[in-house]
Amino acid sequence: MKEINGRKQGVASPCAACKLLRRRCAEDCVFAPYFPADEPQKFASVHKVFGASNVNKMLQELPVHQRGDAVSSMVYEANARVRDPVYGCVGSISSLQHQIDVLQTQLAMAQAEVVHLRMRQFSSTSGRPTTTSPENRSPPPVPISQTKSPFNMDMVVDEPSIDESLWSC
């Protein structure tokens with residue numbers, strides 16, 4: 001048998017959407033090209049979050065060449081909403097932004113330490129005597145948890161508040 005859009009010609013093999021909705025899958029089914037029968041979890045999560053009727057309306061309103069991207073976006077958001085019902089994709093983005101902030105802070109601290117070490121090396125090779133008296137010692141490094149990112153200017157908070165705890169992941 002030939003396959004067209006993942007469906008066997010001549011056999012009424014329902015797409016994942018029609019199978020979940022327990023209906024006959026028509027030849028012109030809007031779901032069939034995007035929700036093949038061998039990927040039932042894909043439509044199940046989209047149906048759970050958006051509803052079959054809304055997905056149908058969204059796909060009908062889009063040009064055919066944009067439907068694939070729209071389905072990919074819906075599947076991604078639906079999977080994110082299943083994992084985090086409140087924030088969905090925004091929770092993932094916030095978590096990644098937090099990681100970027102921490103890494104940028106670590107990078108800035110490492111760059112400052114490199115500059116400090118180069119200055120010490122320069123002063124020791126320039127012929128000036130260096131001593132290890134308490135005045136000339138470098139301060140101990142500050143743990144990352146006690147530093148604030150110099151790159152995040154929007155949300156500078158001294159003490160954790162309710163709003164900050166909502167965005168932490």
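Q: How do you describe the way two packed helices lie against each other?
A: Two packed helices are described by the angle between their axes and the distance between the axes. Here the axes are lines fitted to C-alpha atoms, for helices over the stretch in contact, and the angles run from 0 to 180 degrees between N-to-C directions. The model is a predicted one, in which local features need pLDDT of at least 70 and side-chain atom pairs count only at pLDDT 80 or more, while totals for chains, interfaces and linings use all residues. Residues are numbered from 1 along each chain as its sequence is written, and side-chain values use heavy atoms, with hydrogens and water left out.

Q: What makes H2 roughly perpendicular to H4?
A: H2 and H4 pack at an angle of about 75°, with their axes 8 Å apart. Angles under 35 degrees count as roughly parallel, over 145 as roughly antiparallel, 65 to 115 as roughly perpendicular and the rest as oblique, so H2 is roughly perpendicular to H4. On the H2 side, Lys 42, Ser 45, Val 46, Val 49 and Phe 50 take part, and they meet residues of H4 including Val 71, Met 74, Glu 77 and Arg 81.

Q: How do you know that H2 is also roughly perpendicular to H3?
A: The axes of H2 and H3 cross at roughly 100° and come within 7 Å, and this angle makes H2 roughly perpendicular to H3. The contact (heavy atoms within 4.5 Å) is made by Phe 43, Val 46, His 47 and Phe 50 of H2 together with Ala 52, Asn 54, Val 55 and Met 58 of H3.

Q: Why is the pair Arg 81 and Glu 77 called a salt bridge?
A: A salt bridge is a side-chain nitrogen of Lys or Arg within 4 Å of a carboxyl oxygen of Asp or Glu, and the side chains of Arg 81 and Glu 77 meet at 2.8 Å, N to O. Because they are 4 residues apart in helix H4 (residues 64-83), Arg 81 and Glu 77 are separated by about one helical turn.

Q: Why is Glu 77 called buried, and why is Arg 81 called partly exposed?
A: Buried means under 20% relative accessible area, exposed over 50%, and partly exposed in between (1.4 Å probe, protein chains only). Glu 77 has a relative accessible area of 18%, so Glu 77 is buried, whereas Arg 81, with 28%, is partly exposed.

Q: Which other residues meet in a salt bridge?
A: A search of the whole structure finds 2 salt bridges, and one of them joins the side chains of Lys 42 and Glu 39 at 3.6 Å, N to O. Lys 42 counts as partly exposed at 22% relative accessibility, and Glu 39 is partly exposed at 29%.

Q: What makes a group of residues a nonpolar core?
A: A nonpolar core is a set of buried Ala, Val, Leu, Ile, Met, Phe, Trp, Tyr and Cys residues joined through side-chain atoms within 4.5 Å. The largest one has 21 residues, and those with the most contacts inside it are Cys 15, Phe 31, Phe 35 and Leu 59. The largest share of this core, 5 residues, comes from H4.

How values were computed: Helix = DSSP H or I, 4+ residues; strand = E, 2+ residues; numbered from the N terminus.
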